[in-house]
Amino acid sequence: MQVFRTESVSVEMDTGEKRLNELGYKQELRREMTLFKTMAITFSSMAVFTGTPLYGASLRYAGPASLIWGWVVVTFFTWFVGIAMAEICSSFPTTGSLYFWAAHLAGHRWGPFASWCCAWLETIGLISGMGAQAFSGSQALQFIILLATGNNKGGGYLASKGVFLGMYICLIIIWAVLNTFALQLIAFLSIISVWWQVIGGLAVIIMLPLVAQPTQPASYVFTHFETAPESTGVSSKPYAVILSVLLSNYCLYGYDTAAHLTEETKGADKTGPIAILSSIGIISFFGWAYNLALTFSIQDPNYLYDPNNETGGGLVPAQIIYDAFHRRYQNVTGAVVFMCIIWGSFFFCGLSVTASAARVVYALSRDKGIPFSPIWRKIHPKYKVPRNAVWLCAIISMLLGLPILKLDVIFTAIISISTIGWVGGYAIPIFARLVMDEKNFKPGPFYLGRARRPVCLVAFLWICYTCSAFLLPTLYPITWNNFNYAPVALGLVLSLVMLWWVLDARKWFKGPVRNIDVNDDI
């Protein structure tokens with residue numbers, strides 16, 4: 001495997017901008033992001049505490065051993081996906097990233113269709129990803145308020161569905177407002193996010209087991225497996241393990257954010273791959289450590305899901321943290337502080353995901369791939385950000401949350417849509433890279449050489465498995481209240497997108513539209 005080979009480049013022009021020009025695009029966005037700032041935004045998009053809402057369900061399906069070792073397995077396969085994407089990012093450092101990659105790697109015949117499918121999957125995944133973080137942030141805030149005002153047993157305030165929806169919408173509006181200013185503001189906040197999550201993450205990971213007395217033995221954490229309770233309706237052990245590992249599948253993606261920022265990053269053909277791989281490594285370590293800290297700190301596993309406990313059985317990590325502090329100190333101040341750290345992680349993650357979503361919509365509209373493209377591709381003359389695209393993403397993600405008022409499993413549906421769309425978008429360029437003729441690929445500084453076929457094959461198969469897992473029902477028997485409507489929602493949207501392609505778009509959509517005349521041999 002050959003990694004980071006050097007080439008002589010013009011001193012006068014940034015290497016990322018030079019490659020952008022070769023691909024047929026002129027520099028429109030402001031290129032001032034450093035490696036650290038790009039990595040900060042990418043790291044924020046993944047977030048240390050992302051899996052908090054799913055922890056309880058994952059623990060219930062198959063016990064702690066499946067949850068803990070499942071993270072290790074998912075991390076192993078995630079590296080294949082990340083390495084495959086890092087190589088492509090090094091060769092194609094453009095804001096359009098995934099769908100741009102798909103268009104060029106699939107060739108002239110299949111490029112437009114591959115680009116079309118990838119663009120819409122990516123757009124669906126990122127916009128619903130905003131909704132997933134808004135839901136997670138609102139849920140964390142809901143339980144912060146509950147614990148701070150007296151808990152479920154002491155007359156504490158638990159936000160109603162209407163108030164919850166209001167918090168959900170407010171978070172998205174705040175993210176949209178902040179993203180209408182220069183990207184440097186988001187980069188600055190993302191640097192705060194890195195330190196927030198590193199320092200806060202270390203505080204939670206180290207202090208929680210120290211506060212919790214007693215802790216669970218290592219044999220319970222690493223070897224205890226149990227079958228799902230009858231209330232889930234899941235009797236198959238393999239099926240239960242698959243559902244248990246969904247926590248890890250959901251947490252370990254989002255590293256493509258670095259690719260969305262490449263047109264605004266210095267030396268993006270090198271910094272993009274580094275940001276992708278560094279973020280995977282950091283989140284893999286911190287996420288696993290967080291899961292270990294929670295699991296070791298469990299006081300009474302059966303009490304976690306009791307609807308009459310202090311958190312109403314609504315958020316298992318909140319109950320674990322509450323039990324640890326209340327049993328040790330007979331107060332909840334520490335629990336509220338820890339929950340605020342977790343809430344901050346969701347806030348910063350949603351802010352970064354909004355930045356990514358807006359840039360994908362901007363890139364697609366620049367290539368005339370969505371209705372009313374001239375509106376969404378406008379760049380603010382002062383701040384050089386796609387402001388209209390930001391608000392389009394915000395409005396759609398708000399609408400996505402409206403079922404909160406009626407459905408109990410809205411979060412399951414939102415994260416399923418987000419994961420399938422977001423991760424599914426990875427599969428198209430990786431598959432195209434797998435089957436393409438190597439002589440048609442112009443490598444960047446990060447190049448896999450002969451290793452690209454096995455790496456891309458494993459990555460593609462893993463993505464297919466991940467997307468399939470998120471289509472599965474999570475509770476049985478299936479009713480209107482527990483129905484995972486993600487397959488229906490995705491099926492409807494993708495059917496409309498494909499119908500549009502067959503009836504009209506295939507006649508005019510040719511993939512990324514160059515705004516500089518260059519040779520086709522790139």
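Student: Which residues does Asp323 touch, leaving out those up to four places away in sequence?
Tutor: Happy to start there! This is a predicted model, where local features need pLDDT of at least 70 and side-chain atom pairs pLDDT 80 or more, while totals for chains, interfaces and linings use all residues. Residues are numbered from 1 along each chain as its sequence is written, and side-chain values use heavy atoms, without hydrogens and water. With contact meaning heavy atoms within 4.5 Å, Asp323 touches Gln299, Tyr303, Leu304 and Glu310.

Student: Does Asp323 count as buried or exposed?
Tutor: Buried means under 20% relative accessible area, exposed over 50%, and partly exposed in between (1.4 Å probe, protein chains only). Asp323 has 10% relative accessibility, so Asp323 counts as buried.

Student: Where is Thr232 found?
Tutor: Helices here are DSSP runs (H or I, at least four residues), numbered from the N terminus. Thr232 is in the loop between helix 9 (218-223) and helix 10 (237-244).

Student: What relative accessibility does Thr232 have?
Tutor: Thr232 is in contact with residues including Arg60, Tyr61 and Tyr476. Thr232 counts as buried, because its relative accessibility is 0%.

Student: How is helix 4 oriented relative to helix 18?
Tutor: The axes of helix 4 (residues 64-91) and helix 18 (residues 410-435), lines fitted to C-alpha atoms over the stretch in contact, are 10 Å apart. Their angle, on a scale from 0 to 180 degrees between N-to-C directions, is about 70°. Angles of 65 to 115 degrees count as roughly perpendicular, so helix 4 relative to helix 18 is roughly perpendicular.

Note on methods:
Helix = DSSP H or I, 4+ residues; strand = E, 2+ residues; numbered from the N terminus. Parallel < 35°, antiparallel > 145°, perpendicular 65-115°, else oblique.
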